[in-house]
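Please report on the salt bridges, cores and selected residues of this structure. Keep it brief and organised by topic.

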Amino acid sequence: MAAFTAPNPNSADVGLVGLAVMGTNLALNMADHGFKVAVYNRTLAVTEQVLKENPPTVFGTTGGGLVPAAELKDFVASIKRPRRIVILVKAGGPTDAVIDSLTPLLEKGDLIIDGGNAEWQDTIRREKALGEKGLLFVGSGVSGGELGARFGPSLMPGGKPEAWALLKPVWEAIAAKVDSRTGKPIESASPGKPVNAPGAVPCTTYIGPGGSGHFVKMVHNGVEYGDMQLICEAYHFMRDVLALSTPEMAGIFAEWNTGDLDSFLIEITADILGQTDRETGKPFVDIVLDAAGQKGTGKWTINAALDMGVPAPTMAEAVFARNISALKAERVAASKVLKGPEVGAHAHSVGSGEYNWVEAVRDALYCSKICSYAQGFALMNAAGRANEWGLKLGEIASIFRGGCIIRARFLQKITEAYARRPDLPNLLLDQYFASVIDGAQRHWRAVVARAAVQGVPVPAFASALSYFDSYRTDRLPANLLQAQRDYFGAHTYERVDQARGTFFHLDWPHPDRPQARA
């Protein structure tokens, strides 16, 4: 039997459907900021457990709280009009099912917000369908995991401007906050005590119309894949080429976190490498099986890049690295058959010889990170133009500075780059990033070369370097490729001595004949 009765009509400021980890924490975050939050979950026992674990005293004197409902109709009736209802359920069919069940209970002007990891094309479809019924819809990326949802995520809303106007007071209140001058995250929130920093900048902004919010969140996740793989390759190189111990690497990552590489992912990497397994006494990381999982957003990013013709090789290699890691049994069998160089053979000691190899790995990581982000922002730029979203890339970089998984000091530099030049076609052309790579690429190349010689895979490092070299090369071998295409398929070619857009075909069985204009 329910532990609560039907709520009073119009007693809640906002509603939330879906009380799994992310939904529960986002509801608590809203309540911390003084909102009365109507909550509903299909399984009533889940709602009751959330209430039991979060009594009104959790929210202190904020004035916020949870307004539970056992029935969906009571949940909807409890929310003040125009209603704002956040959905945080599994993407795809479950999201559509919730929307379908809510729609008959809503009135014109009410707003549904999908905070899940939806495919951006689904968001466009849902907004159109709901718009025909007079309802507003926002597809919003929510990044930061469990803690971010609880104390301040990065929020990426896309939809009609009037929908954003309705959602804005809630999203700006609950988003992560950063210092307005330095861009550094302000992380002092605790239950019932949200960040109180006048002038702090919330990590949310209006992304644009349609599916733009979920597209940006998707690319955020693709960049996250790249970041994680690059860090893993730095770890692998130091472990197997430099033969450093796990505690030594923990210290190195902790030191890196005080400089240009300062970020959430570097911070947690240092913590992970410093953790000891209670059962064996070994470094915790050494007892974790090397088979990575994924939820699909990285693959969506690469699919979008392929569809739009935007090169994103580093993010793609990060996805493929997870795929090959999953072939654990196959790799173990292959290791007994396929031979490579002796890992660590003839290795220089750290700090001796031609390079300080730890410094070289740090530089390789930073340069590769720049290229990975350049790919991600180029993809967002292309999508913004193709869909007429009007994306402001500097603002997008700024909302990644806090709350989300890729939050990093480095994002302040991206924000500044787009402030200097809003129409910047690629981050590599910004003066800061160009100068960083100019000063560090010697180390970058040395790490990639040594990894290849010693048989340690660094697919993301190497693809980032190839991306950089391809982007800076004024004449690639695609001239031969296009000639090949014309030879076997009559696909035509352009000439270097003619205007772009003028195509020719050579009659290859008779190449002495005049070239024909296509």
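## A salt bridge at Lys80

Lys80 and Asp13 form a salt bridge, with their closest N and O atoms 3.1 Å apart. A salt bridge here is a side-chain nitrogen of Lys or Arg within 4 Å of a carboxyl oxygen of Asp or Glu. The pair links distant parts of the chain, 67 residues apart. Lys80 sits in the loop between α3 and β4, and Asp13 in the segment before β1 (14-17). Helices (H or I, at least four residues) and strands (E, at least two) are DSSP runs, numbered from the N terminus.

Lys80 is partly exposed at 38% relative accessibility. Asp13 is buried, with a relative accessible area of 18%. Buried means under 20% relative accessible area, exposed over 50%, and partly exposed in between (1.4 Å probe, protein chains only).

This is a predicted model: local features need pLDDT of at least 70, side-chain atom pairs count only at pLDDT 80 or more, and totals for chains, interfaces and linings use all residues. Residues are numbered from 1 along each chain as its sequence is written, and side-chain values use heavy atoms, with hydrogens and water left out.

## Ile79 in the loop

Ile79 is found in the loop between α3 (72-77) and β4 (84-87). Its relative accessible area is 0%, so Ile79 is buried. Leaving out residues up to four places away in sequence, Ile79 touches Asn10, Ala12, Asp13, Val14, Gly15, Ala38, Arg84 and Ile85. Contact means heavy atoms within 4.5 Å. Ile79 and Pro209 are 130 residues apart along the chain, and their C-alpha atoms are separated by 26 Å.

## Other salt bridges

The count of salt bridges comes to 26. Side chains of opposite charge can pair when their charged atoms come close. One of the pairs is Lys73 with Asp74, at 3.4 Å from N to O. Lys73 is exposed, with a relative accessible area of 52%.

Arg126 pairs with Asp96, and their closest N and O atoms are 2.8 Å apart. Arg126 is buried, with a relative accessible area of 3%. Salt bridges that share partners join Asp96, Asp114, Asp122, Arg125 and Arg126 into one network.

## Nonpolar cores

The largest nonpolar core has 98 residues. Trp256 and Phe377 have the most contacts inside it. Helix α14 (residues 357-387) gives the largest share of this core, 18 residues. A nonpolar core is a set of buried Ala, Val, Leu, Ile, Met, Phe, Trp, Tyr and Cys residues joined through side-chain atoms within 4.5 Å. In soluble globular proteins, nonpolar side chains tend to be buried together.

What does Phe377 contact, leaving aside its neighbours within four places in sequence? Its partners are Leu393, Ile396, Ala397, Phe400, Ile414, Tyr418 and Leu427. A second, separate core has 32 residues, including Leu66, Ile113, Leu166 and Val170.

## Helix α12

Helix α12 (residues 313-325) has 13 residues and should span 18 Å at 1.5 Å a residue. The C-alpha atoms at its ends are 18 Å apart, which agrees. The expected span is 1.5 Å times one less than the number of residues.

Buried residues in α12 are Thr314, Met315, Ala316, Ala318, Val319, Ala321, Arg322 and Ser325. Their cover includes α8 (212-241), α11 (297-308), α13 (328-335), α14 and α18 (459-471).

Tyr235 lies in helix α8. At 14% relative accessibility, Tyr235 counts as buried. Setting aside neighbours within four places in sequence, Tyr235 is in contact with Met249, Phe253, Leu273, Val285 and Asp286.

Thr492 is placed in the loop between α19 (478-489) and β11 (493-494). Thr492 is also buried, with a relative accessible area of 15%. Not counting residues up to four places away in sequence, Thr492 touches Gln482, Asp486, Phe503, Phe504, His505 and Ala518.
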